[in-house]
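Dear colleague,

Please find below the structure that I am handing over to you, together with its sequence. My findings follow it, arranged by topic.

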Amino acid sequence: WGTYECIETCTTKCSWKLGREPVFYCNKYMEPIGLQLDHPLVVKAREENRIEKRDWSEFWTAMSARRAYGQVSKLPNLGFGEIEGHDLKRNLIRRMWRPHQKYRQSSCSAMEDTHGLKAGEYIAFSVRRGDKSEEKFAFTELKHYIDEVQKHLHRFDSFVTDHIVPKIFVATDDCSVMSEFREMRPNWTFVSECDVEDNSKAAAQNGFALRDFKDWGAVAEDAHFTKFFTEIYALTMSKVFIGVGYTNVAWWVYFLRPFRHSFILLDKPKGQPDERVFN
């Protein structure tokens with residue numbers, strides 16, 4: 001219930017700052033975590049001042065508090081005699097990542113029926129543009145995605161046996177990249193939620209910008225999140241993920257995936273060991 005309260009408080013503030021009526025987006029799109037705020041146990045804990053609120057900054061600098069890669073924790077009350085830091089994060093995120101059934105079904109349908117994706121048999125790109133330029137990030141050139149694919153084709157039986165490049169799913173907030181990819185490799189098969197007609201109604205098709213959020217209508221917002229959930233699942237279940245580290249989507253997908261040897265960041269600093277980059 002502590003997590004649930006934290007989420008509700010945070011989303012209320014975010015909604016207010018963005019100039020919209022308070023809406024609990026976690027409740028709207030995700031299955032609830034734990035107890036409601038009006039549950040008797042939660043009410044009693046609040047009355048007895050037994051709720052502890054922690055600021056995120058407490059866990060930012062100390063690597064021990066961040067459950068860093070390679071760090072082993074003992075959490076018997078959670079059922080973990082010993083568990084490695086990133087395994088712990090993966091376990092908890094998978095418990096929390098429960099979109100409402102409507103979105104789980106639409107994501108599965110889009111992957112299987114619309115795009116013809118089979119888990120572990122395709123490559124996924126994550127391309128983030130939009131307001132990231134305002135944060136002084138330089139967009140990774142699209143040709144680097146293409147170049148990276150060449151390094152991983154040996155992982156796919158279709159290429160080893162018949163020289164067939166696997167299907168590539170592209171998750172992006174800027175749908176203009178699709179024509180660029182197809183021009184660079186016309187013989188490759190690129191699929192994306194950008195190609196789905198219903199997604200023409202989705203907000204943030206030409207680059208996500210947080211400042212525009214307050215202007216989204218209900219239809220545009222729902223279409224945006226429907227597209228977004230499909231992209232998260234598709235990125236997670238690909239055999240090879242190729243993306244950039246300046247988007248939170250990459251890090252969320254990193255912890256949803258079962259391992260990291262096929263998780264590629266094109267903007268990873270040269271010479272930096274994984275332990276420094278992935279913590």
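**Salt bridges**

The structure holds 13 salt bridges. Please bear in mind throughout that this is a predicted model.

One of the salt bridges joins Arg-98 to Glu-31, with 3.4 Å between the closest N and O atoms. Arg-98 belongs to the loop between α4 (85–96) and α5 (101–114), while Glu-31 belongs to the loop between α2 (25–29) and α3 (40–47), so this pair ties together parts that are 67 residues apart in sequence. Arg-98 is partly exposed, with a relative accessible area of 36%. Glu-31 also counts as partly exposed, at 27% relative accessibility.

Glu-58 is partly exposed, its relative accessible area being 37%. Arg-54, at 47% relative accessibility, counts as partly exposed as well.

Glu-148 forms a salt bridge with Lys-151, and here the closest N and O atoms are 3.4 Å apart.

The protein contains eleven helices and seven strands. Of its 279 residues, 43% count as buried. Among contacts between residues at least 6 apart in sequence, 59% join residues at least 24 apart.

**The disulfide**

A search of the whole structure finds one disulfide. Cys-175 and Cys-194 form this bond, and their sulfur atoms are 2.1 Å apart. Where in the chain do Cys-175 and Cys-194 lie? Cys-175 is in the loop between β4 (168–172) and α8 (177–184), and Cys-194 is in the loop between β5 and α9 (218–236). The two cysteines are 19 residues apart, and the pair links distant parts of the chain.

The torsion about the S-S bond of Cys-175 and Cys-194 is about -80 degrees, which means that the disulfide is left-handed. Cys-194 is buried, with a relative accessible area of 17%. As for another cysteine, Cys-108 is partly exposed, with a relative accessible area of 42%.

**Aromatic rings**

A pair of aromatic rings is described by the distance of the centres and the angle of the planes. In this structure the count comes to 21 aromatic pairs. One of them is formed by Phe-125 and Phe-190, which lie 6.4 Å apart from centre to centre, with 50 degrees between the planes, in a tilted arrangement. Phe-125 is in strand β3 (residues 123–127) and Phe-190 is in strand β5 (residues 190–192). The two residues are 65 residues apart, and their pair links distant parts of the chain. Both Phe-125 and Phe-190 are buried.

A second example is the pair of Phe-228 and Phe-229: the ring centres are 6.1 Å apart and the planes stand at 50 degrees, so this pair is tilted. Phe-228 is partly exposed, with a relative accessible area of 25%, whereas Phe-229 is buried, with a relative accessible area of 3%. Both residues belong to one aromatic cluster, which is formed by Tyr-29, Trp-97, Tyr-103, Phe-225, Phe-228, Phe-229, Tyr-233 and Trp-252.

**Charges over rings**

The charged end of Arg-185 sits over the ring of Trp-188, at 5.4 Å from the ring centre. In the case of Lys-239, the charged end sits over the ring of Phe-156, at 5.3 Å from the ring centre.

Yours sincerely,
A colleague

How values were computed. Residues numbered from 1 in each chain as written. Predicted model: local features only at pLDDT ≥ 70, side-chain atom pairs only at ≥ 80, totals over all residues. Heavy atoms only, no water. Phe/Tyr/Trp six-rings, centres within 6.5 Å; stacked < 30°, edge-to-face > 60°. Helix = DSSP H or I, 4+ residues; strand = E, 2+ residues; numbered from the N terminus. Buried < 20%, exposed > 50% of the residue type's maximum accessible area, 1.4 Å probe, protein only. Lys NZ or Arg CZ within 6 Å of the ring centre and 35° of its normal. Salt bridge = Lys/Arg side-chain N within 4 Å of Asp/Glu carboxyl O. Disulfide = S-S within 2.5 Å. Contact = heavy atoms within 4.5 Å.
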